[in-house]
Amino acid sequence: MTTKFYLICIFLCGICSIAKAQLPLSTADSLVASGQFLAARVAYERVLFTSAEPIIRFSAAVGKARCLKQQGLYASAVTFLNSQIQTDYADSLLYPLRQEQILCAYLAGQFENTLSLLERLPYLHPGMSATPLLIAVRVLSLNELKRWSEAAVAYRELAAHIQADSVNLNPYQQLPRLKSEKKAQWLSTFIPGAGQLYAGKPGEAALSILVQSAGLYFGVLSYLQGYYLSAWGIGAGLFGSFHAGGVRRAEVLVQELNHKRAAMFNARARQKILEMIK
Amino acid sequence: MTDFRRWLLLFIVGFLTIPAHCQTTTFSREWQFARYLADKEATDEAMSVLQAFDKQLLTVSQRDSLAYLTGWLAYGAKSLGEASDHLLRVSKASPFYTKSQYFGAYCLAFQHKRDSAGAVMQHLPAPDSTLLELRAFERAGLALLQRQYGLYDTLRQQFSYSSYALSAEEKRMDIYWQGLRAQKHRSPALAGLLSAAVPGLGKLYAGKTKQGIAAFLPVLTMGLLAWEGYRKDGPASLRFLGFGSLFTVFYIGNIWGSTLAVKVRRDEFNRGYDNKILFDMHIPLRNLLNR
């Protein structure tokens, strides 16, 4: 009878202590549900401050990272998760934290950091195989860095991993054709407007030819009429300025074109990859 | 019966002190939590915790602790106005008083509130020789910011040039002092006159060599074009009138620009030195008081 009584007491105490520990966590969760992300962040931090239980601390860390993500504070989430990864969690808890950090790094636009974190993962967790989501993040980060040949390899790995059709759906069969900024500059240096035409802007090419010709025409005409200073000061001055400007403009136009093509390709690839891992 | 009354009295007293004890405990716990957040650089979260306190219910020492931590967080977030407001509210009895006063005064100096900073710095606590030297150093830095070279010279007599936390900054401060005193006084009127004589020369005088050359070339070109128009087509020609007008605009604009260049150069010079002085005033504060 006495033993039973003690056992019941121990059981109730255990239940109570778990419930007490989880109470602040559920408060934080309800704050997230009501969209009060700052208050929820404070509540999760309170759990981290007071609790020594790894599983509860882990839930709080994930919760706070989720709040930061909801608020678009991806870089802060990366820093926060970094501080959490320093603590002595078990490997089974560290892996999801690292995975979350990689996602946040990608969302924060830290593509080099994302790749670096991904590279470290197999060494830190040798027993874990990369999830399709992480491979997809690797492909997307490589895309953003315009390292498409490496992205194509990672894409094939992803397709093999999820047993998808890697031939018909492969967006890397046709890579974006980027133009050379140097070539545009050289073209504009020797043939006015050619660099703009190369960058796919015939209107700007015509305008460049027109203004440079006008400067040249004015210079020649002034020279023929004996206005040597005007020929030099205005004609040659205008021609030189528009010519130098045309060369620079051709370079900028090619940069814009390349950026646009890369962004379009990356957006298409992203859509396909996200559909694959859905 | 007497015993019962005594116990009853003890119980009532005990009961009445419970809320005060609870309040102290709650404040202490929450303040520790806010400090933990501040150490983690979770500024928004820490501010949120501090803002939740009802100041009316706090004791003077609790209010001091609250003002200190709020000010310190604002300082970390580079909201120096808010930082100085809170830090300078900390009372003398607080253990954070010394740190708050020094950093509060520095925040005022940084915000160009130099007179207010001077008033605070005069009364900075200096219980030991290191802080005595630090106070003199901060006041000397402020004197340089205010370009009070005589006051700086007086205060620098207290520099030992041997303190680990101050010696490098003290030496650099002396270099700034010499640099500021060696600043050449350039006259905007003279710069204008020089540019009237030779376009661009005023900018050269102001210390803007490249701008001087860049100003000279268009004025020269316009002048030559106007002269060519005058020589070939006469004074009533459209060519002469057009280029002559352009020359006049460029010529007068260059004179005006030269007078402004003196002021711009002077401002750049002063801003450069102010930044260096403020930077060096900050380093010993962090080294000695940020504990």
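Five salt bridges are found across the interface of chain A and chain B. The model is predicted. A search of the whole structure gives 23 salt bridges over all chains.

**Interface of chain A and chain B**

- One salt bridge joins K64(A) to E45(B), with the closest N and O atoms 2.8 Å apart.
- Between chain A and chain B, eleven residue pairs are in polar contact, both residues being at pLDDT 80 or more.
- On the side of chain A that touches chain B, the elements giving two or more residues are α2 (37-50), α4 (74-85) and α12 of chain A.
- Helix α2(A) supplies the largest share of that side, seven residues.
- By class, the side of chain A that touches chain B has nine nonpolar, five polar and four charged residues.
- The contact takes 18 residues from chain A and 21 residues from chain B.
- The two chains, A and B, bury about 1,600 Å² between them, and 60% of this is on carbon and sulfur atoms.
- In chain A, the residues that lose the most area to chain B are F49(A), Y227(A) and L229(A), which together make up 38% of what that side buries.

**A salt bridge within chain A**

- R249(A) forms a salt bridge with E204(A), and the closest N and O atoms are 2.8 Å apart.
- R249(A) lies in helix α12 of chain A and E204(A) in helix α11 (residues 202-224) of chain A, so the pair ties together parts that are 45 residues apart in sequence.

**Helices α7 and α12 of chain A**

- Helix α7 (residues 132-144) of chain A packs with helix α12 (residues 228-277) of chain A at an angle of about 175°, and their axes are 10 Å apart.
- Because angles over 145 degrees count as roughly antiparallel, α7(A) is roughly antiparallel to α12(A).
- From α7(A), the contact is made by P132(A), L133(A), A136(A), V139(A), L140(A), N143(A) and E144(A).
- From α12(A), the contact is made by F265(A), N266(A), A269(A), R270(A), I273(A) and I277(A).
- The contact of α7(A) with α12(A) has nine nonpolar, two polar and two charged residues.

**Helices α5 and α7 of chain B**

- Helix α5 (residues 97-110) of chain B and helix α7 (residues 129-145) of chain B have axes that come within 11 Å and cross at roughly 10°.
- Angles under 35 degrees count as roughly parallel, and α5(B) and α7(B) are therefore roughly parallel to each other.
- On the α5(B) side, T98(B), Y102(B), Y106(B) and A109(B) make the contact.
- On the α7(B) side, the contact is made by L131(B), L134(B), R135(B), E138(B), L142(B) and L145(B).
- Residues in the contact of α5(B) with α7(B) divide into seven nonpolar, one polar and two charged.

Note on methods. Residues numbered from 1 in each chain as written. Chains lettered and ligands numbered in written order. Predicted model: local features only at pLDDT ≥ 70, side-chain atom pairs only at ≥ 80, totals over all residues. Heavy atoms only, no water. Axes fitted to C-alpha atoms, helices over the stretch in contact; angles between N-to-C directions. Helix = DSSP H or I, 4+ residues; strand = E, 2+ residues; numbered from the N terminus. Parallel < 35°, antiparallel > 145°, perpendicular 65-115°, else oblique. Contact = heavy atoms within 4.5 Å. Nonpolar A, V, L, I, M, F, W, Y, C, P; charged D, E, K, R; others polar. Buried area = accessible area lost by both parts, 1.4 Å probe. Salt bridge = Lys/Arg side-chain N within 4 Å of Asp/Glu carboxyl O. Polar contact = N/O pair within 3.5 Å; in protein donor to acceptor, adjacent residues only side chain to side chain.
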